[in-house]
Structure formats: C-alpha cells, structure tokens
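Hello,

Here is the structure I promised to pass on. Have a look at it first, and then read on for what I found.

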Amino acid sequence: MIRFDAVSKNYPNGTTAVDELSLELAEGGITVLVGPSGCGKTTTLRMINRMVEPTAGTVSLRGRDIREVHAPELRRGIGYVIQHAGLFPHRTILDNIATVPLLLGWSRKKARARAAELLELVGLPSEMAKRYPNQLSGGQQQRVGVARALGADPPVLLMDEPFSAVDPIVRAELQAEFIRLQKELHKTIVFVTHDIDEAIRLGDNIAVFRTGGKLAQFDTPERLLAHPADDFVAGFVGQDRGIRRLSFVKAAEVPLREGPVLPETSPVARARTVDEPWVLVVDEARRPLGWAAVAGLPDTGTLADAPLAPLGHTFSLVGDSARAALDAALLSPSRLAVGVDAEGAVVGVADAYELSAVMAAAEAVAAEAAAGDAGADAPGGGER
Amino acid sequence: MNDLLNQIRLVADWLTSSKQWHGDDGIPHRLLEHLTYSGLSLLFAALIGLTFGLLVGHTGRGAFAVASVANLARAVPTFGLVVLVVTLAGLSTTPVLVALVALAIPPILINTFEGVRGVDPDTRDAARGVGMTEWEVLVRVEVPMALPLILLGLRVAAIQVVATATVAAYPGLGGLGRFIVDGLSRNDYELVIGGSTVVVVLALVVQILFTALRRFVVSPGLRVSASRT
C-alpha cells in the first residue's frame, strides 16, 4: 500500500532525518511510527504526502511513485491531521470540514452536506457547525481536524501527534473514539507519536525509530513487547513491558476456579471447609456481594450474617484483558481477581500466580506464530 | 472660553455661508479635487503595497528589503518630496500624486507583509497539507487571516493621504488645502480654521468607513473577543 524503498532525507547542514528507510505498510491498518524526538518519524510521515521530499529513494502509494502526482492533487487524496489541529480560524467549523471537497470542486451545498455528516461521525453536536475554531476546546478542535481530514473519504490518513496537545483525560477519550471510528472506516492510517503507550494502544503495527532516522524494529505490539530487537527498543518500550503484554491476552483465556465462591445461604461451617483464607459471597444470581474473611466468621448461621469486606473491582470475561484481571487481583483484599460474565455473574476467581500461567501460555503461542511465519507476513520484512 | 466660542461661531458662519457651497472656490468643488487626488494616490499605493506585501509575506523572500524600503520611505518628508518632484517635473498633477503614493505605500506594505507573515505556521502547514496550491493558500487562508492588518494599513494610509493632500494647494493644484494656504497668506484665520475643519471631518469619515468595512469583511472567527463555550 505505502512503500518506502531505501528512502533518505538529508539536510544541507549535514543532519540526517531519515536514513535508508525501507518499509511497507499494509492496507487497512494503523501503523504507528514511534521514537524519541529527532528520530525522523514526522519526516517519514510527511514524505508520504510530499510535505517533505526525500533526498534519495522512492516512496510509492498503491504501486505508484508519488513523485508522478502533482503535490496538491496527491494531498487532496490523503487525509492529514496535525498536532494543534491547524484549523482555519476565519472559517466556520462546517466550512473547515468542507475544505477538501470544495478544493475538489464539489458544489457548496454538497460539500456542506458531507461536512454535516462528518461532524456527526466525529461525535460533535450539529450546533457546532456555525461556530468558529476559537470557540471550541482543544479536544473539540482535534475532532474537527479529524473530520476535515476525512472530507473527501480518502483511503489513507496521516496523523502527526494528533492527541498529544490535549490533557490525558481528553486524550484517552479521543483515542477510544479513534479506535471506534477506525472499526467503522477501515482506513490505512499512519500515526506518529512519541508516546509508546499510545502506540501500543492504537497500533496494529509499530515502527520504532531511533535517533538519526534509523528504523529499530517494525512489528506488532505483542511481538514488540515480547521480543524487543535490541536494548534500545527494550529501553524505549519500558520496564513494565511484561505487564503491558497482558493487555494482549484476553481475560476469557484466564483459568478460573470455583473453590472460594459460595452463595450467601451457605452455612458458615461450609466456608471453613474450602481451605481458603477468604470466601467470595454471591447472591442467588451469582452476583458478587463481597469478601468474607474465614477467620472472622461468626460461629453459627449463614454467610449472610458474616461481615463482608468490599469487593474491589471485578474484571469481565467479555472485553477485558488479562491486564485488568491482574489489576483486580492486586487490588482485591483476598488477592483474588473476580471474573464475571456479561450479566455480572461470577464465573470464578484467580490469583496473580495463576494469572502468570496465562502469560506463559500466550508466550508459547506467540513464539510458535513467530516461528511459523518468520519473514512471510512479518510486516515490513527485512528489518528484523 | 469666550475665544473658543467665538471661533466656533466664526467657523460655523464660514461653513454655512452660501458662497462656500458654490463655484470653483466652494467646498464641494475643492472636496471633489481633494478626493480625486487622495483616491488615485491610495489606489496606486494599494496596488503596489498589497502586491509586494502579499508576495513577500507569502514567500518570505525579500523581508529585509520590505522593511528597509518602507522605513526609508517613511523618513522622507512629504512636503519636501512634493517640492522636489515639482522642481524636477514641473507644476502638474503628477508630482503631487507621486508624493502621496510614496507616502501611502509604507503602511500598506508593512501591514500586509506582517499580516501574511503572522499567519500561524500550523495553519499554513495544514492548508498545504490538505492540498491547497500556493495560490489557494494565499487567497483562501493567508489573505482572510491577514485582513485585519491589511485594513489597518489601508486605513492609516488613507487618513495620512487625506490629511496630506492639502499640500497639493502649494503648487496651485487645488483641493481642500487651498483654503488653508490662501487663508494663511491673507491672514484670514476664518478661512484657515474652516478649511482645516473640513479636512478633519473628512479624516473622521474615512476612519468610520474603515471601521464599518472591517465589521463587514473580517471573519467573526478572527475577533479576539469571540467567547469560548
């Protein structure tokens, strides 16, 4: 889809922004370019729409050398989102979004109708259409920036640190929205960030750059965390990559046990027979009520009479990852994570040690997959 | 206090006497002459100032030259320039126009240049990035965003030209300056103050026109007071 062949960018002052980059980006996925500042990730992105011209090598889009296309024409077919949105302050929100359709010669009416659709798509109320950019918050402006990039429904979207100028809460919101949008649109997206967490959260594939414009590793997030190519990548993805990897294991794969789960109608004597320091008390629909310490149980009666410690938080077997399960285990008074199904009924519990078994299993699967398709569908090939 | 009241009465009498409103020496005729000089000068100055201001602001090439030329032009006294041009070119409309054009170019040139150059680089980058040609970047983004400053330059130039066009009377070319020059030579202060008042009123009218124009052509999105919601 997007292919770099031995592409370099050198500046007259002797600095090398990008050094002999060869990379092939698959159609329909999100590729994240990540690395420390000065690693050439933004330059790489901007070479795709000819905002920067390479000194050597070829960039091609769908098999065609991009130098064959007149730059403005090329750019109208590629969505472009930048850090501070870069909206046109003198135009209304609606006209900002309609920019590319208008450049392409659509009628004003058709362009505005399209813009109104996009405004809704990025989750902004239609009252915003008549406002001006300086009346919007940073997060709202960034949504408009995304809508403007989608104006003419381009197959490719380039995003240069689009969420880094907003506060963490808004950023998380925009990221979630972005993932939802991509599920709907299936664009080929190239996304630049310096934030490895963002890269892992959003990327289908991640290209890690090192200072001096060299590609250090190009891989899926799972494999990047499991098998960093060298010390630089290992250092860049961080000390807690072990825990991050749990994000890629589905909670449904976690082995759960039934042992300490008891209905509130059980006699306390029953709780003493399970040989656990804590029992999880559930109601008749198996919804969790709380933890009861076996040592603190009354002598007689049922578990309904027992003092309960708060539950902490549970994890869902549908949707959550093993990372959420581990977090639940660490925060639970009993050190046991409670797994619930879609209805909120308890399926079983697991402790941190049991969770680590999932990790080992996932690793074995990943290693097998890596051995099986080495070179075949490794994204970008050659670099690893 | 009485002096001031007297003078106001004198000016009022002068302004309202019927002979001021008829013939070649009347206010309407002189005003028309004045407006013709001013309008033509402003038109030429705008053509030159806007063209170079936009060009240099957009490309960034020649910024130093713009600043130097503009500063140099501002340092040349208009009256001296008129006398110089009249001496060299003889008594006709041209020298006055040349002097007024030279006077009006600097504010237009500098403000246009600053307005275009001051456009946020992110906005300019986005304009190119979405696929605007250089011409489209200039016309659709830079000019509308620079408009407040461009209008400021035109307004400053217009007011200076309207006020300075009075010098056209010295080489005998008429305009509202006629009243002032004649009044001074005849020690007729009534005439001097009356003529000056008309010039002041004209400058105020220009100011009001530009304020109205600004309301009309500058995007509400560029007003600093736009409230955040």
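Ile206(A) stands opposite Asp219(A) in S10(A). That strand, S10 (residues 214-219), pairs with S9 (residues 205-210) of chain A: the two run antiparallel and are joined by five bridges, where pairing takes at least two DSSP bridges. Helices (H or I, at least four residues) and strands (E, at least two) are DSSP runs numbered from the N terminus. Three residues lie between the strands of this hairpin, and Gly212(A) has a positive phi near 100 degrees there. Five of the six residues of S10(A) are buried, meaning that 20 or more other C-beta atoms, placed from the backbone, lie within 10 Å of a residue's own.

A word on the model: it is predicted, so local features need pLDDT of at least 70 and side-chain atom pairs count only at 80 or more, while totals for chains, interfaces and linings use all residues. Residues are numbered from 1 along each chain as its sequence is written, with chains lettered from A and ligands numbered from 1 in the order written. Chain A averages a pLDDT (the predictor's confidence in each residue, from 0 to 100) of 88, and 95% of its residues score at least 70. Over residues 374-384 of chain A, however, the value is below 50.

Now to chain B, which has nine helices and zero strands. Of its 229 residues, 40% count as buried. H1 (residues 2-16) of chain B reaches 21 Å from its first C-alpha to its last, and one of its 15 residues is buried.

Best wishes

Notes
Contact = placed C-beta atoms within 7 Å. Expected span 1.5 Å × (residues − 1). Buried ≥ 20, exposed ≤ 12 C-beta atoms within 10 Å, placed from the backbone.
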